[in-house]
Amino acid sequence: MTRLSHPLRVHGKSFRCGDDPFWAKAVTFGPFPAGHFPDEGIGELARIQNELGANCLRLFEVPSIDFLHACAAHQLRVFITLPWTQHVDFRSDRAAWDDAQERLAEAVSSFKGHPAIAGYFVGNEIRSDLVRFMGETWTRDRLEELIQLGKSIDPDALFSYANYPTTEFLIPRNQDFFAMNVYLEEEESFSSYLHRLMALSGDKPLMLSEIGMDSLRNGEEQQAAVICRSIREAARVGAAGACVFAWSDAWQRGGETIEDWAFGMTRRDGAAKLALAQISDTWGDWEDSAESAGVQPADCDGPLPKVSVLVCTYRGSATLSACLDSLLALDYPDYEIIVVNDGNDSRVAEIVTAERRAILIPTDHIGLSAARNLAASHASGQILIYTDDDCVAEPEWLSHMVEGFCLQPEVSAAGGPNIPPHPETDEQALVQCSPGGPAHVLTSDRLAEHVPGCNLAVRREAFDAVGGFDPRFRAAGDDVDFQWRLLAAGYQIGFFPKAWIWHHRRATFAAYRRQQRGYGIAEALLMEKWLDRFPALGGAVWDGAVYQASPFFSSLVYRGEWSSEAFQLASITGAEAFWAQRLHPLWIGNAAVLILLGCLLPPFLWIGLGALGFTLVAAVLLARASLAASDLTGIRALLRLTIMSLQHGWDRACVRLWRSRRQLKPSAVRQAQWELLQSLVSYPRLAIVSRVSAWRARETALSSGTDWMKRFLETRSPALWHPDPTGHSDLSTDSTIYGVRYELISASEYHGEGTNLLVKVRARIHPLLFWGSLLLLPGGTVGMITVAVLWALIASSILIRTISIRSELRALIP
């Protein structure tokens, strides 16, 4: 039985209670109809613990302190979902937003330090149309504010946002774990989506914050089968917990009892359904299989393959002891450890010699690739797994890696996440959240184009077939080249999220800059072999993608026409490319040239200074995004990260371009210059927004913003207004003579007594007008007058058109 003497904490992609693993086996509890449980449901806790086998509750209301005491007595931890009016436009309704902050502060302050508190969900399934209406970035920032507020009050509690697939792009960067409500009945679809969630969750644990099925429509047998299957699949892919929805069929929403569905594990009269006992047995299997994962990886038939764990170290004695200690503690029956002492360091030799199970191979300094080949030549395993001397493995790491090969026999190489441990100093924290760290590149949720060499496994036959690593890569880039050659030879690379490893980042600013310069040298070597992967003057172009939020602005979300897609996926926006290019040395060099020309022609001085201003803004935006994902706060941290963002782009790209200058062609420089100019055409997107709303009672047929838009479209010429197929807006027009395009975006606010229909009229201004204005400003009085007249015409045109559209929209509803 889990003791509540230790708070629940995050440990890599899992939960821990003290030093023990903790699998969150949760059930939602309430809200119940008034009077259904006179004792607040305290009498049900023993059943939840003993009959269901749960160790956590998820509440949708703030409980009493007596309820939490009772939960602690039954060894039940509690996740509280903050109840607030998130079903309205809280960007405009400041009272709703202020109420959310007050409720969170009050709840967290009241329960701080209580042993039953596991954590808080600061929100739950904010409707996708409202997220679009308020803005994805703005909504995410507000959720991050709530999380930061909660952490400032109770640093020991965990905080997250309970998301759902329609807004899977809404990921607070400072949440402690990744939570998703998932209702997928088809087995393969559920499994595939879990793999996607494991990739999206990055370095954080994945918790399924809701899974369930309505027994009223599907039957109790089907309900039990689907939920148990979902729990088993969640355990198999490496989720840290799952929450079954719900404990009882007795349920209410907005003060009204819900009668037409039955998701509970118990009926309204308290009688148990079939799912109750079956879920209890499944949870027992989940914990048992997780605890024994190192003995026999799941889904592996026959004898387990022998594995060779290979560590190549160059003067890495400072971290090697911890690395070897973790490797010696691996819970796997048949493996060997080989350490290549590149450079014959005496301290490294002492450390390895003291551990008799590790094989030491001394050598003169031959570089990383040659050392890795030397290690492979002494290895006898069927699978070779490379890690670095600054990595620390969990006991089950090897088992999870082998299990991944068993589950995906088609892959010949694989890897998993590399997670930085909690920093010990502010300097380490700043380096840890700076750009340029080792990251995996995925072509799908299960396949990769690249996994970092600190957590890289490869089958022996594939390693030999491509000839191992290229010895010319002495410090970095070897893993990229090796995996590109694997892919070119027709092999596949898998991504196993369960097989994660701790990986220390550089400890000092100076070490970080040396690392980035080393990456630049490696990229120059890669350009010699793979010039087609380095178009123009940018970095490598990947076929896959890094699963992380844009550091600058929200991603472009494909919503489907009328925003009807159930799974709304995100992609990189023009804003992402625009701001990233402002940090490129070529842009900074162009700005410097313009400033020098400004000594002779003053207008060029202002243009050059403006270009450098955009570079500074890009660095600040990147630094702010990095801070949002860390525990750091304050102007000093922002300033330091801004400087590091500038240095990162400059150090890495300049070294790459200088080292590869002989491979660069004039056409590449011209192409890069053209791409910089092209980016100015697509960004920035200026917009003027006007808001329309209309209150409708609940029984009104015109019940959603989409209905409103469709009726508006019926009265307009298709040549003027047309639906937006991407769902970025509902309706839009083509650009006017002034370069202005109008968009209509709808949403619905749901209240107990009715619905408020919302529409935004957004006038988008073409970027060329913005850049043209900047070019005219240095022209003195005439230029400024011209700009003023131009924008006055544009503003008056927008005002007149917006008033007309607002009147037409209001006329649709009597």
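The questions below ask about labels and the definitions behind them.

This is a predicted model, in which local features need pLDDT of at least 70 and side-chain atom pairs count only at pLDDT 80 or more, while totals for chains, interfaces and linings use all residues. Residues are numbered from 1 along each chain as its sequence is written, and side-chain values use heavy atoms, with hydrogens and water left out.

Q: Why is Thr282 called buried?
A: Buried means under 20% relative accessible area, exposed over 50% and partly exposed in between, with a 1.4 Å probe and protein chains only. Thr282 has 5% relative accessibility and therefore counts as buried.

Q: What places Thr282 in a helix?
A: Helices are DSSP runs of H or I with at least four residues, strands are runs of E with at least two, and both are numbered from the N terminus. Thr282 lies in helix H9, which covers residues 274–291.

Q: What does the side chain of Thr282 reach, and which residues is Thr282 in contact with, leaving aside its neighbours within four places in sequence?
A: The side chain of Thr282 comes to 2.8 Å from the backbone oxygen of Gln278. Contact means heavy atoms within 4.5 Å, and with those neighbours set aside Thr282 is in contact with Cys228, Ile231 and Arg232.

Q: How do you know that S1 and S2 pair, and in what sense?
A: Two strands pair if DSSP finds at least two bridges between them. Strand S1 (residues 8–11) and S2 have four bridges and pair in the antiparallel sense, with Ser14 in S2 as the bridge partner of His11. The hairpin of S1 and S2 has two residues between the strands, and Gly12 takes a positive phi near 65°.

Q: What makes S2 and S3 a pair?
A: Three bridges join S2 to strand S3 (residues 20–22) in the antiparallel sense, and Pro21 in S3 is the bridge partner of Arg16. S2 and S3 also form a hairpin with two residues between them, where Gly18 in the turn has a positive phi of about 65°.

Q: What makes both faces of strand S2 covered?
A: On one side of S2 (residues 14–17) lie Ser14 and Arg16, on the other Phe15 and Cys17, and all are buried.

Q: What is the average pLDDT of the protein, and where is the pLDDT below 50?
A: On pLDDT, the predictor's confidence in each residue from 0 to 100, the protein averages 86, and 89% of the residues score at least 70. Over residues 289–295 the pLDDT is below 50, although this stretch has eleven contacts in the model beyond near neighbours in sequence.

Technical notes: A polar contact is a pair of N or O atoms within 3.5 Å; within protein, one must be able to donate a hydrogen and the other to accept it, and residues adjacent in sequence count only if both atoms are side-chain atoms.
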